[in-house]
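This report describes how parts of one structure pack against each other. Look at the sequence and the model first, then read on.

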Amino acid sequence: MNFIVDAIAFILDPANWAGETGVGARLSQHLFITFLSVLIAAAIAVPLGLLIGHTGRARGAIIGITGAARALPTFGVMTLFVLIGIQFGAGLSLTPVIVVLVVLAIPPLLAGSYSGVEAVDRQTVDAARAQGMTEWQILTQVELPLALPLLVGGLRSATLQVVATATIAAYVAQGGLGRYLIEGIQTRDYLRAVVGAVLVAALALLLDGLLAALQRLVVPRGVSRGSARTKRSSPGTATRSSGTLEATRTPVTEG
Amino acid sequence: MAWLWNNLDLVLGLTLDHIRLSAIPILLGFAASLPLGWVATRVPWLRGVLLTVFNVVYTIPALALFVVLPGILGTKVLDELNVLVAMTLYATAMMLRGTLDAFGSVSGDVLQSATAQGYSSASRFWTVQLPLAGPVLLANLRVVSVSTVSLLSVAALVGSGGLGRLFTAGYSRSFIDEIVVGIVFILLLALLFDALLVLAGRLVLPWARRAKAPTSIPFVKVR
Amino acid sequence: MFSRTLKRTAIGALSLGVGAVLLAGCTSGDPLAEESGDTAGGSITIGNQNFGESEILAQIYGQVLAANGYDVSYEPGIGSRETFVIALQDGSIDLIPDYAGNALIYADPEATATSAADVEAALPAALESLGLAVTAAAPGEDSDALVVTPEYAEANGLTTIGDLAGIPGVTLGANTEFETRWREGLGETYGFGDFAFKAIDDYGGPGTLADLLAGNIQVADIYTTTPSIAENDLVVLEDDQDLFAAQNIVPLLNADILTDDLAALLDEVSALITTDVLLDLNAQFAGDDKPSAADVATEWLTAQGLL
């Protein structure tokens, strides 16, 4: 336990925050990598997921892809992409890392989006249609607001995964908080490694907490959470409803 | 893929290590989640506490946990026990929420009628709740299994055995073949574990299969 | 529809199958890794670091020992010196090919020996407190070297490491441990201590080279026997203050397993390892047909008549 105390002391010492290899610089690198990846992934996955949820098509394929993606070892894929990136003559750049992280973040965002739309009460959608709303209006003014909690849930999962996996970026010659971990492990400097561990864990918990709060905030007024009675998917057997939850629940964060 | 044939014994050795280091946490995680899940359904305030604690564990990135545990457990960073404990914690965390959902999905009417028939609490758990929760538990176990097999590769960064070593070695030597072999073998292992679980499920929960047949009557419908 | 007995048999068989797979996993892994440095039966575990030359050298020593009655097993990819010294001390490995100068600095940070002869003389005493020993050093050397592209050298008039002092915006790429080990020394000896550092953990391999050629880094640590230096006309900055001491190949072992027989065998091999041999073997290993380290070693040993 001593190490954790020492690590916290290290982190709280302002001298360690300054400089190119200080906590400040590494923290910003880590946040940059995380936000960039999640942003790009969201730009791809959210519209796609909303569309799938709204039209109800391709759902099976998406579940299959999500399942397969879970089996891919991110560490392996990242080192692979980095080595492939070398062949393109740009040296060891950040691009392959971002590509891998985007691919990692897409499944939970996709799942969050489509399950969010699916969870909307069918009667509400029918009522909207009966009022003469166009499909686009239904999607943006009815389904999207109601889907937000699950969507943000997907965002939360995705962010968590990316924050954790971004620590591995440090192994492939990039920056971020993972540098403390890699340096500590390779030079057998346990304190340094624990500093990295504490920083990454704290960041993950902080972001998770913020997004959890956001998840509660986006529940539209007048809707009690999780009260969707008639789901668009087939009548919920226990397996099926768990499947929907599964979509947003994530495989363990790597890194 | 000449490299693979030349180094088949190395790869197979790493695969066996990988099997051992992932199968044990999967099984232990599953086993641990059952009593924890049962306790959580019976003691409401404990449910919140357990979920929160394991949520925190689950949120901590794997590499961080691998590094911090030795200090707490008193092992060395490169010790295998370290990796096993961390992986089991993750597996338990992943299973727990699923287990709670599974037990929660068993209809209260069924439980009450079981009690009415004279089942004790314990035998009710083993012969009624558990089997009925079975399909959901299995679905979760399959997810946990795949995730564990995949996640273990990160442990190679702290020197653990397993197929993750092909990634560290492959990267150090800029050897793409080696990394590809690692990815493929991990995928194969994940598939193998999944197939074994599905098979086990069919044997242990034969009624679940029947329920999926389109023309069959849904199994439990207590009116 | 399964009858009860059939179902139970199937479950039993399945459990046995799973159990067998698990057990197979339990008995895999290097059995010698758990043994302490016991060589009563002449068994030896040889480690190597995650780069070609280290693996080739491990194979060279290992194959000779195996041909002379030792029971040899290998533990590849052991990691940096900080890690493998611990592995030697606790018996996870018994021997690893190391580099004299760096071994000396690790054992005795205050050491000042820089020539091959001085370093070799200083090693045994320095290593004693660590419980480690060395046999005779080989004539061949492979040293850390700070290299730059010919264009960069010309543009900045660089011939020695000291010439880098004062040049702004220099990023140096090397393995993670390079920074911990050398930044201070580079600062003190050459006034070149505040470079930006990019950790590329491939021991001066293709990633480091690619980054150097792409301009992401200006200086790289590429070991002197790496073929890429000659292939790309890279300029090796002169270490005229001898910061990097002589780095002759030397077998580093756990002192407990050192016997005269073992030493004699190792010395015989070491005497034949020259710098040219290292360059040649590395070139073969990196060549197009990608032979294994074992094959490269076997071929060379056979040609030397040691196998």
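## Two packed helices in chain B

In this predicted model, helix α2 (residues 8–42) of chain B packs against helix α5 (residues 80–105) of chain B at an angle of about 40°, and their axes are 6 Å apart. Because of that angle, α2(B) is oblique to α5(B); angles under 35 degrees would count as roughly parallel, and those from 65 to 115 as roughly perpendicular. The crossing in which α2(B) passes α5(B) is right-handed.

What kinds of residues form the contact of α2(B) with α5(B)? They divide into 19 nonpolar and 9 polar residues, with no charged ones.

## Chain B as a whole

Chain B contains 10 helices and 0 strands. Taken along the principal axes, the box filled by the C-alpha atoms of chain B is roughly 65 × 45 × 20 Å.

Of the 223 residues in chain B, 51% are buried. Contacts between residues at least 6 apart in the sequence of chain B can also be sorted by separation: 69% of them join residues at least 24 apart.

## Where chain A touches chain B

This contact takes 40 residues from chain A and 42 residues from chain B. On the side of chain A, the elements that give two or more residues are α1 (2–12), α3 (59–71), α4 (74–87), α7 (135–165), α8 (178–186), α9 (190–217) and α10 (238–248). Which of the elements gives the largest share of this side? It is α9(A), with 8 residues.

By residue type, the side of chain A that touches chain B divides into 28 nonpolar, 7 polar and 5 charged.

## Where chain A touches chain C

Here the contact takes 13 residues from chain A and 18 residues from chain C. The largest share of the side of chain A comes from α8(A), which gives 3 residues. α8(A) is also one of the elements that give two or more residues to the side touching chain B.

The residues on the side of chain A that touches chain C divide into 6 nonpolar, 4 polar and 3 charged.

## Chain C as a whole

Chain C has both kinds of element, with 12 helices and 10 strands. Among its 307 residues, 46% are buried. For contacts in chain C between residues at least 6 apart in sequence, 73% join residues at least 24 apart.

Key
Residues numbered from 1 in each chain as written. Chains lettered and ligands numbered in written order. Predicted model: local features only at pLDDT ≥ 70, side-chain atom pairs only at ≥ 80, totals over all residues. Axes fitted to C-alpha atoms, helices over the stretch in contact; angles between N-to-C directions. Helix = DSSP H or I, 4+ residues; strand = E, 2+ residues; numbered from the N terminus. Parallel < 35°, antiparallel > 145°, perpendicular 65-115°, else oblique. Left-handed = near helix turned anticlockwise from the far one by under 90°. Nonpolar A, V, L, I, M, F, W, Y, C, P; charged D, E, K, R; others polar. Contact = placed C-beta atoms within 7 Å. Buried ≥ 20, exposed ≤ 12 C-beta atoms within 10 Å, placed from the backbone.
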